Amino acid sequence: MAVNNKPKIAVTGPNSSGLTAWLFTALNVRLAGGVPVRVTPDKFTGHIDFDGVIIGGGSDIHPDNYTKQALPKVERSMWLKMKEALVYPMEFLSRFSTGEYDKARDAMEQEFIDYAMEHDKPILGICRGHQLLNAELGGSMYQSTLPLLQEKMRIRSPFPRKKVIYTKDNTLINDIVGDDPIRVNAIHSQAIAEPADSLEVTGKEKAGINQVVESKDSDNVLGVQWHPEYLFYMKTHRRIFQWLVQQAKNSKNNKEG
């Protein structure tokens, strides 16, 4: 297929950093037959009419842009923290992160989400993007997953260390990846609490953290808490990008028809 006929997929990200996520996401989009286009706040021209959209991962969403769901504080033992640091060093290193917000990126991605929903464009939210998709549509957020985990270690790894189980049958995520539980990675400290009215949770992990949201009314909307772009060597996760690109092809053909 000529490049001009391939669907163009906007991949949002930050101005600085984010290169690794972009390269892996772009690889997955190309493998699926699409043309990835990197969009950052500094390069954003206001053009949002792409054939499909990926709202990527990254820094936490600014608290002004979501409704916080309160959780009781939890005291975690020093032994648990030490074990976490040894088993998942990324979790230990994350404690030294500056945790800066990116309101310009939030605003840009909110435009993409609103446009995609209004025009029924295929959209995939990854990690932070999954959270922002839900928040923009009216859902709530947990600012930390630690109270949900209690005395369990918080997994933070680019490798598949968690298992996602489905909460119901006959869903979009079922159609995309099959009926078996999905092995996923985890690079997050926040999570979706209540889904927006137009979304439903269709996948969770054992600890109860919401891992998948999708639209109640459309097969063009999917959010996943993990990073499928880093798991390109697993067919299950490549299928997520194949779904997005195929839906974008359909959208492009309908527009041109």
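At 1% relative accessibility, Arg128 counts as buried, where buried means under 20% relative accessible area, exposed over 50% and partly exposed in between, for a 1.4 Å probe and protein chains only. The structure is a predicted model, in which local features need pLDDT of at least 70 and side-chain atom pairs count only at pLDDT 80 or more, while totals for chains, interfaces and linings use all residues. Residues are numbered from 1 along each chain as its sequence is written, and side-chain values use heavy atoms, with hydrogens and water left out.

The side chain of Arg128 meets that of Asp106 in a salt bridge, 2.5 Å from N to O; the term denotes a side-chain nitrogen of Lys or Arg within 4 Å of a carboxyl oxygen of Asp or Glu. This pair links distant parts of the chain, with Arg128 in helix H5 and Asp106 in helix H4, 22 residues apart. Helices (H or I, at least four residues) and strands (E, at least two) are DSSP runs, numbered from the N terminus. Asp106 is likewise buried, at 0% relative accessibility.

The whole structure contains seven salt bridges. Another of them joins Lys121 to Asp49, with the closest N and O atoms 3.3 Å apart. Here too distant parts of the chain are linked: Lys121 is in the loop between H4 and E5, Asp49 is in the loop between E2 and E3, and the two are 72 residues apart. Lys121 is buried at a relative accessible area of 7%, whereas Asp49 is partly exposed at 27%. In general, side chains of opposite charge can pair when their charged atoms come close.

The loop between H4 and strand E5 (123–126) also holds Asp120. Asp120 has a positive phi of about 55° although it is not a glycine, and it is partly exposed at 43% relative accessibility. Cys127, in the loop between E5 and helix H5 (128–136), also has a positive phi of about 55° without being a glycine. Cys127 is buried, at 4% relative accessibility. Most residues other than glycine have a negative phi.

Strand E5 is covered on both faces: Ile123 and Gly125 on one side and Leu124 and Ile126 on the other are all buried. E5 pairs with E3 in the parallel sense over three bridges, where pairing requires that DSSP finds at least two bridges between two strands. In this pairing, Val53 stands opposite Ile123 of E5. E5 is also joined to E12 by four bridges, and these strands run parallel. Gly223 in E12 is the bridge partner of Gly125.

Aromatic side chains provide further links along the chain. Rings of Phe, Tyr and Trp (its six-membered ring) pair if their centres lie within 6.5 Å; planes under 30 degrees apart count as stacked, over 60 as edge-to-face and the rest as tilted. By this rule there are five aromatic pairs. In one of them, the rings of Phe24 and Phe232 have centres 5.6 Å apart and planes at 40°, so the pair is tilted. Phe24 lies in helix H1 (residues 19–31) and Phe232 in the loop between strand E12 (221–224) and helix H8 (235–256), so the pair ties together parts that are 208 residues apart in sequence. Phe24 is partly exposed, with a relative accessible area of 27%, and Phe232 is partly exposed, also at 27%. Phe44 and Phe112 form a tilted pair, with 5.6 Å centre to centre and 45° between the planes. Because Phe44 lies in the loop between strand E2 (35–39) and strand E3 (52–55) and Phe112 in helix H4 (residues 103–119), this pair ties together parts that are 68 residues apart in sequence. Phe112 is buried at 1% relative accessibility.

Phe24, Tyr230, Phe232 and Tyr233 form one aromatic cluster. Arg238, in helix H8, touches Phe232 and Tyr233 as well as Asn28 and Leu31, not counting residues up to four places away in sequence; contact means heavy atoms within 4.5 Å. Arg238 and Phe24 are 214 residues apart in sequence and 11 Å apart in space, C-alpha to C-alpha. Arg238 is partly exposed, with a relative accessible area of 26%.
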